[in-house]
Amino acid sequence: MTIMEMFLGCMLTKRKDMVGKMTEQELHSLLEEMTLEEKVNQMQQLIGAFLTDEGVVTGPMQEMGLTEERAALAGSVLGTHGAAKLKKMQREFMEKHPHRIPLLFMLDVINGFRTIFPIPLGQGASFEPELSERCAAVAAKESAVSGVHVTFAPMVDLVRDARWGRVMESTGEDPYMNSLFSAAMVKGFQGEDIKEPYRVAACVKHFGGYGAPTAGRDYNTVELSEHTLREFYLPSYKAGIDAGAAMVMTAFNTLGGIPCSGNKWLMRDVLRGEMEFDGVLISDWAAIEEMIYHGYCADRKEAALRAAEAGVDIDMMTGIYSEHLCGLVREGKIPEKLVDEAAARILDLKNRLGLFENPYKDADEKAEAEIILCKEHRELAREAARKSFVLLKNEDALPLKKEGKTAYIGPYVDNRHMMGAWSIIGESKDVTTLQEAVGEYDGSGQAVFCAGSPMVGDDVKLEGFAGSEAQETPVQDAGRMLEEAVGMAKSADTVVMAIGEHYLQSGEASSQANIQVPEVQMELFRKICEVNENVVVVLFSGRPLDIREISEKAKAVLHVWMPGTEGARAIVDVLYGDYNPTGKLPMSFPYCVGQVPVHYNEYATGRPYMPGKNKDRFRSKYLDIPNAPLYPFGYGLSYTSFSVSPVMLDKECMTREENIQAEVKVKNTGARRGTETVQFYIHDVAASVVRPVKELKGFCKVTLEPGEEQTVRFTIDDSKLRFLTENGRQESEAGEFEAFVGTDSATVNCAKFQLV
Ligand code: GLC
């Protein structure tokens with residue numbers, strides 16, 4: 001048996017679930033029949049324009065060193081969608097391909113395809129991974145009928161730095177939470193079998209540690225110790241892989257001074273070895289070529305060598321593999337086995353999707369028209385939006401009284417652009433504005449509306465895919481708008497200010513050193529607060545913001561992130577009390593940008609600072625701001641209130657074979673039904689490697705009627721006490737622990753126990 005047969009046999013038998021129509025032998029024979037050029041070009045991904053009859057895009061192709069002949073052998077296409085378009089492209093492509101091997105069609109479907117859900121950071125605020133699984137399943141269905149086979153999602157990078165624009169794509173700062181959402185989204189996209197109708201293959205990204213760019217500047221260097229990388233950043237990738245993710249995408253950054261796309265330790269030892277990932281590894285856009293600009297490769301040929309040696313199977317949009325891999329093999333610089341392995345994994349993915357049997361999979365114009373943006377999908381988008389909102393402050397201002405006059409003021413009052421920076425297929429015409437949603441709502445009383453200010457002033461620089469819509473209102477109108485708004489606020493009982501970041505102020509290549517609401521809106525906010533003391537703020541953003549001033553002056557603050565297609569209707573549901581907010585922060589809101597990166601699961605340091613307790617000044621603290629964030633991870637209010645009893649443990653000592661039950665009584669002490677997310681944290685007091693002051697190990701959502709009380713239990717077993725010890729193993733160590741149970745990560749409600 002040749003090495004190829006052993007490899008193919010090994011890989012394919014690993015996929016016991018493989019139900020594609022090509023047998024192992026047929027796949028093997030196909031690979032044997034393919035020329036080196038044909039195998040190498042399976043590893044090439046291009047944009048659709050290179051393959052359509054719109055004419056070959058000669059300029060960029062030449063820049064990429066690409067020929068029409070090699071483009072005609074490509075393995076996959078990204079960034080194109082539409083049932084009719086992709087069926088045509090597939091049919092014409094296969095007719096010309098020497099082995100009629102179908103293309104894979106891949107697309108960024110991050111928080112929805114055409115029905116857009118809250119941005120992933122907002123979905124994280126739901127503390128409901130199952131909800132994200134349902135959203136991903138709908139996104140898969142809408143994508144699949146539009147001809148898409150693979151989505152470049154979920155993005156599972158752990159994030160701690162609000163300056164980074166891509167925090168909006170993450171589910172936050174906690175590895176346990178991110179792992180639950182990673183697995184849930186993979187399952188939502190893929191189901192039990194990606195060959196099934198309405199399922200797409202998922203791609204866990206960006207491997208690895210992309211969420212920790214120095215200074216929060218996108219694409220910047222990532223400096224993580226291996227311990228921190230493993231402890232905080234790797235778990236969510238592993239969770240997605242363990243959930244069966246078909247693909248992984250490399251990250252742009254270096255780790256240990258080596259770009260991820262050429263990092264053999266990261267990709268061969270960790271990803272393929274330790275994590276046992278045997279799916280397709282794709283580079284991020286041009287990441288292979290960027291190893292030249294990193295200063296890691298001298299030229300494109302060396303970049304091809306390094307990426308192939310690291311095990312990157314698909315080259316996204318540089319043409320480097322197509323241009324150099326054949327030569328490298330023929331020169332003996334890389335064994336043909338590397339190409340065979342990569343091509344086999346790509347063919348295996350096509351086979352698992354059933355593309356050799358039906359190259360169009362679910363592409364269907366009729367289904368497209370019926371399924372996309374259907375009522376059920378909109379209803380799910382509205383439910384997800386409601387559950388993503390976090391009530392940060394409420395001095396009896398919400399829910400709004402239905403009688404009286406309410407002035408809705410702010411650039412988000414009559415704005416449809418609330419789908420987030422990655423909603424590339426979503427259309428703003430599908431989005432209801434807040435003004436329209438209030439108008440639809442029976443019982444909103446007297447309501448008046450105005451923008452009050454432009455979205456951004458000249459001090460805010462916007463880029464992104466938008467272009468013209470970036471600046472809806474000319475800044476010179478600001479004076480007139482402000483005057484109109486102040487007049488409206490003076491005569492209103494309550495003002496609801498719909499303000500926040502422009503949706504293009506977050507997302508890829510959208511890092512910001514200033515994480516405040518645009519100044520032109522803050523000027524409006526101040527003026528409104530001068531003439532009306534009942535100001536409620538509905539805050540839109542793709543990241544945590546510095547909202548000290550808003551938090552101080554507003555009577556209520558409801559954070560809505562970028563809430564998606566049904567966001568406005570969901571906001572009205574919450575404002576008028578039809579839905580009692582349940583969201584909790586998945587990422588700390590810093591006191592100010594100077595505090596960033598700030599996260600709850602920090603280490604104590606040798607000089608911990610306990611405000612009011614320390615006598616000396618030599619403590620780990622700032623002179624000018626507190627250590628604590630303005631709002632901590634896990635924080636969120638309700639229209640009712642809850643009490644949590646002291647933590648009770650059924651015993652104070654356990655062996656590794658035993659467990660301890662931690663129990664609290666949660667009571668609804670308010671006047672209306674509500675849901676609380678009770679959170680369970682562990683602190684390992686002393687260990688061979690310092691441990692975070694808290695680590696989230698569980699949470700439970702309880703819905704209680706006024707006065708109702710419920711016992712909530714969390715089981716502490718050895719698995720919840722394990723960590724990466726100095727021996728490099730995931731294991732627990734005997735000693736003292738603290739078990740915290742509360743309604744956010746700042747809770748001090750704890751009980752001690754011993755592991756013996
Ligand atoms: C982008 C992003 C990545 C995305 C890819 C394809 O640069 O980094 O998340 O999936 O290119 O659009």
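Predicted model: local features only at pLDDT ≥ 70, side-chain atom pairs only at ≥ 80, totals over all residues.
Just after α13 comes Gly311, which takes a positive phi of about 95 degrees.

Is Asn263 buried or exposed? Asn263 counts as buried, because its relative accessibility is 3%, and the cut-off for that word is under 20%.

Let me turn to the ligand. Its surroundings are made up of Leu78, Asp108, Phe152, Arg166, Lys205, His206, Met249, Phe252, Asp284, Trp285, Met316 and Glu508. Among these, Asp108 has a polar side-chain atom 2.5 Å from an oxygen atom of the ligand, while for His206 a polar side-chain atom lies 2.6 Å from a ligand oxygen. For Arg166, an N or O atom in the side chain is 2.8 Å from an oxygen atom of the ligand. Taken alone the ligand exposes 310 Å², and the protein buries 92% of that. Lys205, which is also among the residues around the ligand, has its charged end over the ring of Trp422, 5.5 Å from the ring centre. A further lysine, Lys141, lies over the face of Tyr198, at 5.0 Å from the centre of that ring.

That brings me to the aromatic residues, where the structure holds 17 aromatic pairs. In the pair of Trp164 and Tyr210, the ring centres are 4.9 Å apart and the planes stand at 85 degrees, so this pair is edge-to-face. The pair links distant parts of the chain, with Trp164 in the loop between β4 (150-151) and α9 (175-190) and Tyr210 in the loop between β5 (203-207) and α10 (226-242), 46 residues apart. Trp164 counts as buried at 0% relative accessibility, and Tyr210 is likewise buried, with a relative accessible area of 1%.

What geometry do the rings of Tyr408 and Phe449 show? Their centres are 5.3 Å apart and their planes lie at 20 degrees, so the pair is stacked. This pair, too, links distant parts of the chain, since Tyr408 belongs to strand β12 (residues 405-409) and Phe449 to strand β13 (residues 446-450), 41 residues apart. Tyr408 counts as buried at 0% relative accessibility, whereas Phe449 is partly exposed, with a relative accessible area of 22%. Elsewhere, one aromatic cluster is formed by Phe127, Tyr176, Tyr600, Phe633, Tyr681 and Phe699.

Next, a buried arginine. Arg543 is found in the loop between β15 (535-540) and α21 (548-553), and at 0% relative accessibility Arg543 counts as buried. Its side chain has a polar atom 2.5 Å from the backbone oxygen of Ala162, and the backbone oxygen of Arg163 lies 3.1 Å from a polar atom of that side chain.

I will finish with the backbone. Most residues other than glycine have a negative phi, and most peptide bonds are trans. Against that background, a cis peptide bond joins Leu398 and Pro399, with omega about -5 degrees, and Pro399 is found in the loop between β11 (390-394) and β12. Another cis peptide bond joins Val596 and Pro597, with omega about 5 degrees, and Pro597 is found in the loop between α22 (567-575) and β17 (642-644). As for phi, Ala215 has a positive value near 65 degrees; this alanine lies in the loop between β5 and α10 and counts as partly exposed at 43% relative accessibility. Ala286 also has a positive phi near 65 degrees, and its place is in the loop between β9 (280-282) and α12, but Ala286 is buried, with a relative accessible area of 10%.

Notes:
Residues numbered from 1 in each chain as written. Heavy atoms only, no water. Buried < 20%, exposed > 50% of the residue type's maximum accessible area, 1.4 Å probe, protein only. Phe/Tyr/Trp six-rings, centres within 6.5 Å; stacked < 30°, edge-to-face > 60°. Helix = DSSP H or I, 4+ residues; strand = E, 2+ residues; numbered from the N terminus. Lys NZ or Arg CZ within 6 Å of the ring centre and 35° of its normal. Near = heavy atom within 4 Å. Polar contact = N/O pair within 3.5 Å; in protein donor to acceptor, adjacent residues only side chain to side chain. Areas by Shrake-Rupley, 256 points an atom, 1.4 Å probe, with all protein chains shown as cover.
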